[in-house]
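I opened a new structure today and kept notes as I went. The entries below are in the order I looked things up.

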Amino acid sequence: MIEHARHLLAAGCSSEAAPLCAEAAQMASRAGSFAEAAALYAHAVAGVDDPAERCRLLYERGRMLVASGAPASAIEPLEEGVALAEVDQISAVPKFLVALGAAHWLVGNHQASFAAYERARALLE
């Protein structure tokens, strides 16, 4: 599956490769290959236009980056996911904010972490 996705990506068919990359990323995640999963999620995000699916993939990419020991790299996709989810009124915004807060906490940005957690709390009330 991964090889097929790589061939599609090499051919410039990112939208066709996106579901294969997402599935391969899930497999890599279950196997504990978090960095590989994050890279595969990045390829999947590039081929998806649907806002809800894009949000889900950005969230998963952020989670995998944190799990792979790269929380600083997780902040950008998580912030993008939060912004997209807020615009499209996707109900997962609090979940994204909690993940974003965790990433900020892990890099020592406690103020940003607290702000993300507070935004999540406010949305859940």
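**Entry 1: the whole chain**

I note at the start that this is a predicted model. I looked up the secondary structure and found seven helices and zero strands in the protein chain. Read from the N terminus, the order of elements is α-α-α-α-α-α-α. I then checked burial: of the 125 residues in the chain, 39% are buried. The chain exposes about 6700 Å², and carbon and sulfur atoms supply 55% of that area. For contacts I took residues at least 6 apart in sequence, and 42% of those contacts join residues at least 24 apart.

**Entry 2: helix α4**

I turned to helix α4, which covers residues 51–67 and has 17 residues. From first C-alpha to last it reaches 24 Å, close to the 24 Å expected at 1.5 Å a residue. I asked myself which residues of α4 are buried. The list is Cys55, Leu57, Leu58, Tyr59, Glu60, Gly62, Met64 and Leu65. Just after α4, I saw that Gly69 takes a positive phi of about 90°.

I picked Cys55 and looked across to Ala83. The two are 28 residues apart in sequence, and their C-alpha atoms are 9.1 Å apart in space. Ala83 belongs to helix α5, residues 71–87. I have Ala83 down as partly exposed because its relative accessible area is 39%, which falls between the limits of 20% and 50%.

**Entry 4**

The structure holds six salt bridges, and I followed some of them. Side chains of opposite charge can pair when their charged atoms come close. An α-helix has 3.6 residues a turn, so residues three or four places apart point the same way. Glu53 is partly exposed at 26% relative accessible area, and Arg56 is partly exposed at 31%.

Arg54 forms a salt bridge with Glu80, with the closest N and O atoms 3.1 Å apart. Arg54 lies in α4 and Glu80 in α5, so this pair ties together parts that are 26 residues apart in sequence. Arg54 has a relative accessible area of 21% and is partly exposed. Glu80 is partly exposed too, with 33%.

**Entry 3: the aromatic pair**

How many aromatic pairs are there? I counted one aromatic pair. Tyr59 and Phe96 form it, and they are stacked, with 5.2 Å from centre to centre and 25° between the planes. The pair links distant parts of the chain, since Tyr59 is in helix α4 and Phe96 in helix α6, 37 residues apart. Both Tyr59 and Phe96 are buried.

Next I looked up His104, which is found in helix α6. Is His104 buried or exposed? His104 is buried, because its relative accessible area is 8% and the limit for burial is under 20%. Leaving out neighbours within four places in sequence, His104 is in contact with Ile75, Glu79, Asn109, Ala112 and Ser113.

I went on to Ser113, which lies in helix α7. Ser113 is buried, with a relative accessible area of 0%. With residues up to four places away in sequence set aside, Ser113 touches Gly101, His104 and Trp105.

**Entry 4: the surface patch**

I found a nonpolar surface patch of about 400 Å², made by Val98, Trp105, Leu106 and Tyr117. Helix α6, residues 93–106, gives the most to this patch, with three residues. Tyr117 is in helix α7, residues 110–124. Tyr117 counts as partly exposed at 33% relative accessibility.

Glu118 and Arg121 are three residues apart in helix α7, so about one helical turn separates them. Glu118 is partly exposed at 30%, and Arg121 is partly exposed at 39%. Salt bridges that share partners join Glu118, Arg121 and Glu125 into one network.

Terms used: Residues are numbered from 1 along each chain as its sequence is written. This is a predicted model: local features need pLDDT of at least 70, side-chain atom pairs count only at pLDDT 80 or more; totals for chains, interfaces and linings use all residues. Side-chain values use heavy atoms; hydrogens and water are left out. Helices (H or I, at least four residues) and strands (E, at least two) are DSSP runs, numbered from the N terminus. Buried means under 20% relative accessible area, exposed over 50%, partly exposed in between (1.4 Å probe, protein chains only). The expected span of a helix is 1.5 Å times one less than its number of residues. Patches are made of residues with over 30% relative accessible area and no salt bridge: like charges are joined within 9 Å, nonpolar side chains (Val, Leu, Ile, Met, Phe, Trp, Tyr) within 5 Å. Accessible areas come from the Shrake-Rupley method with a 1.4 Å probe; for residues, only the protein chains shown count as cover. A salt bridge is a side-chain nitrogen of Lys or Arg within 4 Å of a carboxyl oxygen of Asp or Glu. Contact means heavy atoms within 4.5 Å. Rings of Phe, Tyr and Trp (its six-membered ring) pair if their centres lie within 6.5 Å; planes under 30 degrees apart count as stacked, over 60 as edge-to-face and the rest as tilted.
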